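The sequence and the structure are shown first.

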Amino acid sequence: MGTGPTQTSAPPVPGAWPVLGHAPALLRDPLRFFGSLADHGDVVAVRLGPVPVYALTHPALVHQVLVTDGDLYERGRLFDKLSRIVGHGLLTSSGPPHRAQRRIVQPLFQRDQIACHLAAMRAAVGDVTSAWRAGQRVAIESAGNDIALLAVTNSLLPPRTGEEVARMVKENLPVLMRALVLQIALPEWWTRLPAPGNRRAERAVANLRGAIAEALTRHRAVPAGRSDILSSLVHARDAAGKPWDDVAVIDQALSLLVAGVETTGSTLAWVFHELARHPHAERQVHDEIDAAAAEGISDPRQLRRLIYTTRFLQETLRLHTLSFFMRRTLEPCELGGVPLTAGAEVVLSPHALHRDPRWHPNPETFDPDRFKPGTPAIPKGAYLPFGTGAHRCVGEHFAFTEILTALTMICSRWRLRHLPGTRVREIPRIEVHPSKFHMLLEER
Ligand code: HEM
């Protein structure tokens, strides 16, 4: 690491504007901005409006903040803004309230529980792809999002009750995620202005919460004994044996929708983009899927046969990952020789860490064999598609199962080709979406 124990302050990153600080650079091109920070040090000082933020560019410091010193940090500015949308569920809480919620939610996402949702995932893929015809052009980023949306709503809500929630999420989630990045970068007073973007975001929050509240009311009117996640949340008991009230259940359901739809949907679209760009790897994926499909996949454990396809997915998640997330110190502490006061905001970018040549040689080369056993281990903190430590993604197995299920169902029948001249751009919000693109369906 470049920083040492004698350092007394983090080097400031050049280019701050008066008043706005680095917000214009962050809003203009966040991926370039985060990618440039390592040139200035391992912990560097940026400013979002009046708010000083420490950006981490070294994996050892990332591991320190997320894991070894995890108790010294809470979630921070990104999650404060997010809590206006999702309330105080698992995605936004910290410390003891977070641990209490995690104790209830995590078991619902363990490998053996995911088996209950396989049918929901298969139905989601079937609904989106059953009308596909050879020679057709498919808007792949929206197909990926539709699959992810239906997979989460079909698992979250009792059968045939999720349509309205799915429609609301589809209409309102993109509005919220766009507003979120603006709210993080711009000063607090801006978010209180009656500007059209702020009003749209408020309406979107009300629409989403309203749709889940209605689903919950219908749900409470019918007997227990179902395997959907909402039932488990409704029947959950806290450490004192008390059930969660409606607000707590809605917060939790929203956390899962906000965390689990666009992330998985974008990843699916990126996987098809990378398959089409790497025909040799695509052949290996297809061969493996054909062999697995011939034996039948009725249980998520059978997806473990997809060894190369899993590496392909891990490599896709290296190149196409979250743009950034944040933490905030709870007490004065030290990071890479820099003393931090209580309340200091810290930011890290998986996207930048995953493309740093110090930890990932030839980072722009797509190579699933980086994840082959026997290759040099990636340093801790340098590969974080699902985060690490106490807040590691609770939906990781769910996402893997969903994506591998979609791949087996789609690739056993179709090869997806890019149309000539297609250029897919990265659109950064919190996760990095692909720009809209179409692919051509070829029957295999
Ligand atoms: C490819 C898909 C996904 C990616 C890349 C992803 C990524 C992440 C990351 C990086 C975090 C950690 C954030 C932090 O440390 O602050 C996280 C947390 C979380 N994710 Fe995911 N996620 C994915 C899918 C899902 C799914 C499918 C669900 C649920 C249906 C989900 C639910 C959550 C929740 C609730 C948290 C907060 C966990 C906690 O703080 O205890 N995610 N995710």
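The text below treats the ligand site and then the strands.

The model is predicted, so local features are given at pLDDT of at least 70 and side-chain atom pairs at pLDDT 80 or more, while totals for chains, interfaces and linings use all residues. Residues are numbered from 1 along each chain as its sequence is written, and side-chain values rest on heavy atoms, with hydrogens and water left out.

## Ligand site

The ligand takes up the space of the largest cavity. A cavity is a set of points on a 1 Å grid over the protein atoms alone where a 1.4 Å probe fits but cannot get out; a molecule sits in it if more than half of its atoms lie within 2 Å of its grid points.

The shell around the ligand holds 26 residues, of which the closest are H98, R102, R327, H391 and C393; a residue is included if one of its heavy atoms lies within 4 Å. At least two shell residues come from each of α5 (95-105), α13 (246-260), α14 (262-277), β5 (325-329) and α18 (396-411). Helices (H or I, at least four residues) and strands (E, at least two) are DSSP runs numbered from the N terminus.

The iron atom of the ligand has C393 (SG) as its only protein donor, at 2.3 Å. Donors are N, O and S atoms within 2.8 Å of the metal (3.2 Å for Na, K and Ca), and sites may look incomplete because water is not among the atoms. C393 is placed in the loop between α17 (350-354) and α18.

| Residue | Part of residue | Distance to a ligand oxygen atom |
|---|---|---|
| H98 | side chain | 2.6 Å |
| H391 | side chain | 2.8 Å |
| L90 | backbone | 3.4 Å |

## Strand pairing

An open sheet of five strands has the order β1-β2-β8-β5-β3, with mixed pairing; two strands pair if DSSP finds at least two bridges between them. β1 (43-48) and β3 (73-74) stand at the edges with a single partner strand each, so one side of each lacks a neighbour in the sheet.

Six bridges link β1 and β2 in the antiparallel sense, and R47 stands opposite P52 in β2. These two strands form a hairpin with two residues between them, and G49 in the turn has a positive phi of about 55°. On to β8 (residues 345-348), strand β2 (residues 51-56) runs parallel and is joined by four bridges; V53 is opposite E345 there.

Strand β12 (residues 438-443) is antiparallel to β4 (residues 137-139), with three bridges, and A139 has H438 as its bridge partner. Five bridges join β12 to β9 (residues 414-418), also antiparallel, where H418 stands opposite M439.

Methods. A polar contact is a pair of N or O atoms within 3.5 Å; within protein, one must be able to donate a hydrogen and the other to accept it, and residues adjacent in sequence count only if both atoms are side-chain atoms. On a 1 Å grid over the protein atoms alone, a cavity is a set of points where a 1.4 Å probe fits but cannot get out, and a pocket is an open set with protein on both sides within 12 Å along at least five of seven lines; lining residues have an atom within 4 Å of a point.
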